[in-house]
Amino acid sequence: MFRYTTHGTCSRQILIDMDGDVVRHVEFIGGCAGNTQGVARLVEGMKASDVIARCKGIQCRAGTSCPDQLARALEEIQARQNA
């Protein structure tokens with residue numbers, strides 16, 4: 001499980017389980033429960049690159065959002081896998 005500490009959002013952390021390039025499970029710690037649970041369920045089963053393409057750059061406050069932070073977390077996971 002990958003733990004990502006968020007920046008600029010109400011959520012504090014995102015927990016992500018991956019199977020290769022496929023997002024298996026996402027859990028936001030903190031944030032707006034309905035929205036974060038909805039985003040988490042929608043992206044499960046998707047390729048990380050598709051989630052990044054759809055979520056990166058979405059803004060809520062402070063120039064970011066929970067979906068944007070998820071995209072950033074997935075980019076970090078990809079970078080670690082390719083290192």
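Mentor: Two strands count as a pair if DSSP finds at least two bridges between them. Keep that rule in mind as we go through this model, which is a predicted one.

Trainee: In what order do the strands form the sheet here, and in what sense do they pair?

Mentor: The open sheet consists of 3 strands in the order 1-2-3, and the pairing is antiparallel. Strand 1 (2–5) and strand 3 are the edge strands, since each pairs on one side only. From one strand to the next, the twist averages 20 degrees.

Trainee: How many bridges join strand 1 to strand 2, and over how many do strand 2 and strand 3 pair?

Mentor: Strand 1 is joined to strand 2 by 4 bridges, while strand 2 pairs with strand 3 (residues 22–30) over 8 bridges, again in the antiparallel sense. On the strand 3 side, I14 has F28 as its bridge partner, D17 stands opposite H25, and M18 stands opposite V23.

Trainee: Which residues in the hairpins have a positive phi?

Mentor: The general idea first: most residues other than glycine have a negative phi. In the hairpin that strand 2 and strand 3 form, 2 residues lie between the strands, and G20 in the turn has a positive phi of about 70 degrees. The hairpin of strand 1 and strand 2 has 5 residues between the strands, and there G8 takes a positive phi near 80 degrees. A further case lies just after helix 2, where G57 takes a positive phi of about 95 degrees.

Trainee: Which residue has a positive phi although it is not a glycine, and is that residue buried or exposed?

Mentor: That residue is A62, with a positive phi of about 55 degrees. A62 sits in the loop between helix 2 and helix 3. A62 counts as exposed because its relative accessibility is 69%, and the cut-off for exposed is over 50%.

Trainee: How should I read D17 and Q69, and is each of them buried, partly exposed or exposed?

Mentor: Take the location and the accessible area together, and then look at the contacts. D17 is in strand 2 (residues 11–19), and with a relative accessible area of 25% D17 is partly exposed. Leaving out residues up to four places away in sequence, D17 touches M1, V22, V23, R24 and H25; H25 is also the residue that stands opposite D17 in strand 3. Q69, by contrast, belongs to helix 3 (residues 66–82) and is buried, with a relative accessible area of 1%. Beyond its neighbours within four places in sequence, Q69 is in contact with Y4, T6, H7, T9, I14 and T64.

Trainee: Where do the buried residues of helix 2 fall when seen down its axis?

Mentor: In an α-helix there are 3.6 residues a turn, so residues three or four places apart point the same way. In helix 2 (residues 48–55) the buried residues are A48, V51, I52 and C55. Seen down the axis, these buried residues fall within an arc of 100 degrees, so they line one face of helix 2. The buried residues of helix 2 pack against strand 2, strand 3, helix 1 (33–43) and helix 3, whereas A53 and R54 are exposed on the other side of helix 2.

Trainee: What volume does the largest pocket have, and which of the residues that line it are closest to its centre?

Mentor: Its volume is about 200 Å³. Of the 13 residues that line the largest pocket, those closest to its centre are C32, N35, C60, C66 and P67. When you read a lining, ask also which elements supply it: helix 1 and helix 3 each supply at least two residues here, and the largest share, 3 residues, comes from helix 1.

Note on methods: Residues numbered from 1 in each chain as written. Predicted model: local features only at pLDDT ≥ 70, side-chain atom pairs only at ≥ 80, totals over all residues. Heavy atoms only, no water. Buried < 20%, exposed > 50% of the residue type's maximum accessible area, 1.4 Å probe, protein only. Contact = heavy atoms within 4.5 Å. Arc of directions from axis to C-beta. Axes fitted to C-alpha atoms, helices over the stretch in contact; angles between N-to-C directions. 1 Å grid on protein atoms, 1.4 Å probe; cavity = no way out; pocket = protein on both sides within 12 Å on 5 of 7 lines; lining within 4 Å. Points joined across faces, edges and corners; volume = space filled by probe spheres on them.
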